[in-house]
Amino acid sequence: MTEHSDNTSPPFLDYFRCSLDDDDAQAVLDVLRSGWITTGAKAQAFERAFADYVGARHAVAVNSGTAAMHLALAAARIGPGDEVITTPFTFCATAEVIEYQGALPVLADIERDTFNLDPACIEAAITPRTRALLPVHYAGHPCEMDAIMDLARRHDLRVIEDAAHAVGSAYRGRPIGAIGDVTAFSFYPTKNITTAEGGMATTDDDDLASCMRRLSLHGMSRDAWKRYAAAGSWYYEVTDLGYKYNMPDLLAALGLTQLAKLDRFNEVRARHAAAYHDGLRDLPQLILPRPRAHVRTNWHLYVIAIRPEMLTLDRAARSGDPDGHPPFGPEGPQGPEGQGGRRAAFIEALREAGIGASVHFIPLHLHPHYQRRYGWKPGDHPNAEWAYERVISLPLYPRMTDADVERVIAAVRAIVERHRR
Ligand SMILES: Cc1ncc(COP(=O)(O)O)c(C=O)c1O
């Protein structure tokens with residue numbers, strides 16, 4: 001519900017708010033009162049329910065999407081000397097997990113319509129050292145998995161999917177989570193369902209599943225639940241170098257209540273996305289998302305792209321980020337004087353209109369760490385840079401009312417009207 005604090009200015013519409021209700025709170029309270037708050041029966045139940053939901057044999061609950069991806073790479077024995085191909089148009093976690101394993105992240109460019117990895121660019125990046133592909137289902141729109149799985153088969157590669165955005169999405173009728181070797185989901189608060197922090201790795205492979213499970217708790221042969229429960233034994237062995245990635249029952253309880261509401265959440269997202277489409281589609285200054293016919297997107301993000309050449313916003317651009325630092329230095333191609341400045345100014349105008357927005361993502365090869373470490377540089381992936389200069393993620397979440405969506409549409413239309421060339 002949008003409340004008006006006075007007659008003139010409605011309150012700021014946050015870019016994101018999670019949907020947590022009384023049933024979520026009650027589930028957490030029940031665990032708190034049970035005396036068992038870390039990994040146990042709830043985590044197990046959440047794993048079973050999630051595996052069933054995506055149609056995978058196994059699900060391993062962990063404490064972040066990053067952990068899920070890292071375990072997948074570790075279980076697949078990706079290590080030093082190996083190359084893993086992924087997208088520049090992602091969150092840094094996707095590349096970090098490759099680096100954690102001592103392997104080399106190799107970037108391939110994206111498609112301009114879905115912003116997903118372009119299978120032709122993946123193929124061009126394959127070398128004799130390539131061991132795995134790590135596609136990201138950007139904004140919840142599935143990647144071209146037929147082409148990706150075909151490349152993997154032909155070159156004997158593992159496919160580990162970053163499905164942080166894609167819980168509830170499907171590719172040619174198959175749920176995301178049951179296609180590649182391992183699929184990693186995130187339950188960070190901005191995601192379609194949340195456990196505050198959390199993640200899940202799904203797989204049909206018995207060996208990968210048991211390895212990920214063992215590595216998620218210090219590489220121990222027996223987890224705490226099995227050691228301390230009535231039927232347990234105190235004895236365990238450390239069989240591998242593992243990590244502290246297990247999901248506590250306190251969070252798994254949220255996972256169960258949230259998962260039960262996922263389809264409903266995604267329906268509301270789809271309704272809001274349709275309203276955005278209807279409300280903005282006549283504006284030639286904007287490129288709107290158009291899901292491909294053979295996929296189901298969960299509408300994790302609603303990402304519009306501006307056509308900067310049709311807008312005059314650059315003069316209004318003040319800064320690249322809210323702290324006033326232009327991204328990548330004032331001379332950089334994405335700085336306020338470049339095309340990206342118009343995108344930054346559009347977001348600033350939205351903020352002035354009381355609406356939060358965001359950018360997904362700053363391409364990996366534009367970040368200092370990767371430039372220093374791997375010599376990546378602007379110009380390496382033109383489509384990712386093209387996208388970065390144009391994209392704006394509008395608010396889209398189940399708590400938004402239809403009136404909130406109309407308010408965003410009106411604000412976007414007013415900015416375009418004011419700044420059209
Ligand atoms: C594309 C992508 N991959 C991975 C992650 C990491 O997920 P988590 O924060 O649960 O570790 C995120 C999270 O924001 C993401 O957007």
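Me: In which loop is the place of Phe361?
Reply: In this predicted model, the peptide bond that leads from His360 into Phe361 is cis, and its omega is near 5 degrees. Most peptide bonds are trans. The place of Phe361 is in the loop between helix H10 (339-352) and helix H11 (368-374).

Me: Ala139 has a positive phi although it is not a glycine; is Ala139 buried or exposed?
Reply: Phi of Ala139 is about 65 degrees, and the residue lies in the loop between strand E4 (130-134) and helix H6 (145-155). A residue counts as buried under 20% relative accessible area. Because the relative accessibility of Ala139 is 9%, Ala139 is buried.

Me: What is the relative accessible area of Trp299?
Reply: Trp299 is found in the loop between strand E11 (295-296) and E12. Its phi is positive, near 50 degrees, in a residue other than glycine. Trp299 is classed as buried, and its relative accessible area is 14%.

Me: Which residue of E12 is the bridge partner of Leu286?
Reply: Strand E10 (residues 286-287) pairs with E12 in the antiparallel sense, over two bridges. Within E12, the bridge partner of Leu286 is Ile306.

Me: How much space lies in the largest cavity?
Reply: A search of the whole structure finds one cavity of 30 Å³ or more. The space in the largest cavity is about 60 Å³.

Me: Which residues are the closest to the centre of the largest cavity?
Reply: The largest cavity is lined by 13 residues. By class, its lining has six nonpolar, four polar and three charged residues. The closest to the centre are Phe16, Cys18, Ser19, Lys191 and Asn192.

Me: From which domains does the lining of the largest cavity draw at least three residues each?
Reply: The lining of this cavity comprises 13 residues. At least three of the lining residues come from each of two domains: domain 1 (22-259) and domain 2 (263-419).

Notes
Residues are numbered from 1 along each chain as its sequence is written. This is a predicted model: local features need pLDDT of at least 70, side-chain atom pairs count only at pLDDT 80 or more; totals for chains, interfaces and linings use all residues. Side-chain values use heavy atoms; hydrogens and water are left out. On a 1 Å grid over the protein atoms alone, a cavity is a set of points where a 1.4 Å probe fits but cannot get out, and a pocket is an open set with protein on both sides within 12 Å along at least five of seven lines; lining residues have an atom within 4 Å of a point. Grid points are joined across faces, edges and corners, and a volume is the space filled by probe spheres set on the points. Ala, Val, Leu, Ile, Met, Phe, Trp, Tyr, Cys and Pro count as nonpolar, Asp, Glu, Lys and Arg as charged, and the others, Gly among them, as polar. Domain bounds come from an automatic or database domain assignment. Two strands pair if DSSP finds at least two bridges between them. Helices (H or I, at least four residues) and strands (E, at least two) are DSSP runs, numbered from the N terminus. Buried means under 20% relative accessible area, exposed over 50%, partly exposed in between (1.4 Å probe, protein chains only).
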